Amino acid sequence: MRITLLRASRLGVVAGAIVLTVGPACPWAKAQSEADNPHILIADQYNNRVVEVDRATHKVVWSFGTGSDIPGPHSVVGTNDAERFGPFTLISGTGTPPGAPGCSDTVNGCPDNRVFIVDRHGDILWQYGQAGVGGSGANQLNTPVQSAFLSGFPGHPGFHVIITDQVNERIIVVNLFTSKIVWQYGTTGVSGNGPNQLNNPNSAEVLENGHILIADENNNRVIEVTAAGTIVKTFTIGGALNGAAFASRLPNGHTLITDSNNNRIVEVDSTDHIVWQYVTNTGANSNPNPLPTRGIRLANGHTLISDQNNNRVIEVTAGGHIVFQQGKTNVAGNGFNRLNGPYDAKQIGDFTGLTPPFDFDEDKDDH
């Protein structure tokens, strides 16, 4: 399979094109699909990096980010989200506020405000947003907290990226080749809970039916909207949801919600009733308020959780048993098996929220 991505400058101006081929000649891509030792991709927020971890050895086998709090061609600041598709990694450079770990500027904070795609060598191939510049104009973002690659969007064929542009109070879909916004939900710069309004959105996922599932964090709700912008479902965990950090639709039709301020991951059915939950602050040495930011259901039925203030990523069974942990509970660091405020973690090749993924078939000829 041959994938062509536009190379963009820091300002998003097209400067040329790169053609990458994924197939039998690309052992790096093949390694990521080996089911016997799946790797975990982690947005290590306050360490200003993305790391790929071998779950058997806990060793970092790939990383992006120098640790600098200044955004650049090889650095990312306050990364909140990362996603592997084929040999590429999509990264959300969110930035960090004044006083947060990983930021030396206690007055102005350390903004990044970019969403970009890197190859396995750590070279940026595509970018939307300008390094360190916040705004809502063309090629501008303000605190992008999450993004996802799309190989199609209702009414808009071709490759796109959906971006949760938090401070701009909107979800946008950007065409990968023109860098133009082709869809938006939320009124730019307007916080609210009325029609076409959001309040600090934290994630968005395109569902198989073409609807968009949005974690509307400060409105304490998860909403499912049509491409026309009509809300067709609302989830609040029976009114108990407090800080909707993430949501994804499961294969069984249920919705998995990260109820961050209640320190739990909750699965609800179509009637908004709890069918499963896991609370992250009850174990030994736990931070009393870990504020988990991601709960992702794996194909084996386990749930991968980014337990932010506990500085760990854990995989728990349906029975609530931890079977994998990266990072030491409630201990921040950047050395071996240490994390600092991990905001997102995905098992490579096993993320129900990636809709739709590339079909990288190594047995097919390039085309």
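**Chat about the model**

Q: Starting with a glycine: where does Gly67 lie?
A: Gly67 is in the loop that runs between strand E5 (60-64) and strand E6 (79-85). Keep in mind that this is a predicted model.

Q: And what does Gly67 contact, leaving aside its neighbours within four places in sequence?
A: With those set aside, Gly67 is in contact with Asn47 and Asn48. Its C-alpha atom is also 6.1 Å from that of Arg49, which is 18 residues away along the chain.

Q: Is Gly67 buried or exposed, or partly exposed?
A: Gly67 counts as partly exposed, because its relative accessibility is 37%.

Q: OK, zoom out. How many helices and strands are in the chain?
A: The chain has 1 helix and 26 strands.

Q: What share of the residues is buried?
A: Of the 367 residues in the chain, 58% are buried. The accessible surface comes to about 13,800 Å², and 51% of that belongs to carbon and sulfur atoms.

Q: Why does Asn80 count as buried?
A: Because its relative accessible area is 4%, and the cut-off for buried is under 20%.

Q: Switching to cysteines. Which ones form a disulfide?
A: Cys103 and Cys110 do, with their sulfur atoms 2.1 Å apart. The structure holds 1 disulfide.

Q: Which hand does the disulfide of Cys103 and Cys110 have, and why?
A: It is right-handed, because the torsion about the S-S bond is about 85 degrees.

Q: Are Cys103 and Cys110 buried or exposed?
A: Cys103 is buried at 11% relative accessible area, and Cys110 is buried at 5%.

Q: Now the aromatics. How many aromatic pairs are there?
A: The structure holds 6 aromatic pairs. One of them is Phe149 with Phe159, a tilted pair with 5.6 Å centre to centre and 50 degrees between the planes.

Q: Where do Phe149 and Phe159 sit?
A: Phe149 is in strand E10 (residues 144-153) and Phe159 is in strand E11 (residues 156-165), so to speak of the pair is to speak of a link between distant parts of the chain, 10 residues apart. Phe149 is buried, with a relative accessible area of 1%.

Q: Why does the pair of Phe159 and Phe177 count as tilted?
A: Because the planes are at 35 degrees, with the ring centres 5.9 Å apart. Planes under 30 degrees apart would count as stacked and over 60 as edge-to-face. Phe177 lies in the loop between strand E12 (170-175) and strand E13 (181-185), 18 residues from Phe159 in strand E11. At 32% relative accessibility, Phe177 is partly exposed.

Q: Which residues do ring pairs link into a cluster?
A: Phe85, Phe88, Phe149, Phe159 and Phe177.

Q: What about charges over rings?
A: Arg84 lies over the face of Trp62, 5.1 Å from the ring centre. The charged end of Arg297 sits over the ring of Trp276, at 5.1 Å from its centre.

Q: Next, E15. Why is strand E15 (residues 212-216) described as largely enclosed by the rest of the structure?
A: Because 5 of its 5 residues are buried. Both faces are covered, with Ile212, Ile214 and Asp216 on one side and Leu213 and Ala215 on the other.

Q: Which strands does E15 pair with?
A: E15 pairs with strand E14 (residues 201-206) in the antiparallel sense over 5 bridges, and with strand E16 (residues 221-225) in the antiparallel sense over 5 bridges. Pro201 stands opposite Asp216 in E15, while Ile214 stands opposite Ile223 in E16.

Q: And the turns there?
A: The hairpin of E14 and E15 has 5 residues between the strands, and Gly210 takes a positive phi near 90 degrees. In the hairpin of E15 and E16, with 4 residues between the strands, Asn220 has a positive phi near 55 degrees.

Terms used: Residues are numbered from 1 along each chain as its sequence is written. This is a predicted model: local features need pLDDT of at least 70, side-chain atom pairs count only at pLDDT 80 or more; totals for chains, interfaces and linings use all residues. Side-chain values use heavy atoms; hydrogens and water are left out. Helices (H or I, at least four residues) and strands (E, at least two) are DSSP runs, numbered from the N terminus. Buried means under 20% relative accessible area, exposed over 50%, partly exposed in between (1.4 Å probe, protein chains only). Accessible areas come from the Shrake-Rupley method with a 1.4 Å probe; for residues, only the protein chains shown count as cover. A disulfide is a pair of cysteine sulfur atoms within 2.5 Å. Contact means heavy atoms within 4.5 Å. Rings of Phe, Tyr and Trp (its six-membered ring) pair if their centres lie within 6.5 Å; planes under 30 degrees apart count as stacked, over 60 as edge-to-face and the rest as tilted. A charge sits over a ring if NZ of Lys or CZ of Arg is within 6 Å of the ring centre and within 35 degrees of the ring normal. Two strands pair if DSSP finds at least two bridges between them.
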